[in-house]
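Here are my notes for someone opening this one up for the first time. Have a look at the sequence and the model, then go through the points in order.

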Amino acid sequence: QSDTGAGKYLGKTQSYVVALKAFSTEFFYNAGNPTGSPLSPVANAFTQVGCAHGDSVAKVDGNIAWLSQTRESGRAVHIMNGMQQQKISTADVDRILNADDLATVRGMGLKVDGHHLYVLTLATSNITLVYDLTSQAWTQWSTLTIGSQVSVSTITRSGTTATVTTGSAHGLSDGDP
């Protein structure tokens with residue numbers, strides 16, 4: 001209605017319909033209009049924060065989180081509670097987001113051990129970023145894949161240090177799975 005940008009996501013927050021477009025967000029309410037659309041825009045709620053990829057949008061603890069973008073600042077991550085939008089990404093996260101081609105993006109919301117998480121996967125960069133709404137901290141999600149098996153001859157312990165002796169050269173470095 002207020003901006004001609006391409007539509008990315010259409011959803012609901014509180015009693016409003018929210019339309020995330022490429023570079024803006026608009027809200028609509030049920031005005032019960034007798035002709036045409038029953039919806040009318042909430043004029044004072046229009047923002048120039050858009051959505052970079054529709055598949056990044058996820059519901060997290062009653063909020064909407066998404067990979068946002070503005071014409072002035074580029075990409076970031078925002079969260080919406082009702083009609084209030086808040087940037088939650090850091091400068092480091094923003095650099096990662098702006099470097100990806102966004103060919104394949106996935107967003108999801110999880111609750112793990114009492115923590116509400118927004119999980120954003122950037123397939124081209126092979127990076128999954130996780131924002132913990134509970135602690136308000138970003139981390140990078142990683143999975144470890146074990147390499148080939150190595151035969152262990154002995155394991156000894158001295159205090160908190162364990163020493164492993166292998167039957168042959170293992171080629172592993174500290175921290176390898």
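1. Buried residues make up 35% of the 177 residues in the protein; buried here means under 20% relative accessible area, exposed means over 50%, and partly exposed is in between, with a 1.4 Å probe and protein chains only. Keep in mind that this is a predicted model, where local features need pLDDT of at least 70, side-chain atom pairs count only at pLDDT 80 or more, and totals for chains, interfaces and linings use all residues. Residues are numbered from 1 along each chain as its sequence is written, and side-chain values use heavy atoms, with hydrogens and water left out.

2. On overall dimensions, the protein has a radius of gyration of 23 Å, while a compact globule of 177 residues would be near 16 Å. That radius is taken over C-alpha atoms, and the globule rule is 2.2 Å times the number of residues to the power 0.38. Along the principal axes, the C-alpha atoms fill a box of roughly 80 × 35 × 25 Å. The protein exposes about 10700 Å², with carbon and sulfur atoms supplying 49% of it; the areas come from the Shrake-Rupley method with a 1.4 Å probe, and for residues only the protein chains shown count as cover.

3. How many helices and strands are there? The protein has one helix and 15 strands, which are DSSP runs numbered from the N terminus (helices are H or I, at least four residues; strands are E, at least two). Of the contacts with a separation of 6 or more, 34% are between residues 24 or more positions apart; contact means heavy atoms within 4.5 Å.

4. Now the sheet with strands in the order 1-2-3-4: this one is open, and its pairing is antiparallel. Two strands pair if DSSP finds at least two bridges between them. Strand 1 (7–13) and strand 4 (39–41) are at the edges with a single partner strand each, so one side of each has no neighbour in the sheet. On average, neighbouring strands of this sheet are turned by 30° against each other, direction ignored. Strand 3 (residues 25–30) and strand 4 are joined in the antiparallel sense by three bridges, and Y29 stands opposite S40 in strand 4.

5. Stay with strand 3 for a moment, as F27 is found there. Is F27 buried or exposed? Its relative accessibility is 0%, so F27 counts as buried. The C-alpha atoms of F27 and I79, 52 residues apart along the chain, are separated by 15 Å.6. S56 sits in the loop between strand 5 (50–51) and strand 6 (58–60). S56 has 0% relative accessibility and therefore counts as buried. Leaving aside neighbours within four places in sequence, S56 is in contact with residues including C51, W66, V105, Y118 and L120.

6. Eight bridges join strand 10 to strand 11, and G109 has Y118 in strand 11 as its bridge partner. Strand 11 and strand 12 (residues 127–132) pair over six bridges, with L129 in strand 12 as the bridge partner of L120.

7. Which residue in the turn of the hairpin formed by strand 10 and strand 11 has a positive phi? That is D113, at about 50°, in a hairpin with two residues between the strands. D113 has 75% relative accessibility, so D113 counts as exposed. Phi is also positive in D61, near 50°, and D61 lies in the loop between strand 6 and strand 7 (63–70).

8. Last, the aromatic rings: the count comes to one pair. Rings of Phe, Tyr and Trp (its six-membered ring) pair if their centres lie within 6.5 Å, and planes under 30 degrees apart count as stacked, over 60 as edge-to-face and the rest as tilted. The rings of Y131 and W138 have centres 5.1 Å apart and planes at 45°, so this pair is tilted. Y131 is buried at a relative accessible area of 7%, and W138 is buried at 17%.

Terms used
Axes are lines fitted to C-alpha atoms, for helices over the stretch in contact, and angles run from 0 to 180 degrees between N-to-C directions.
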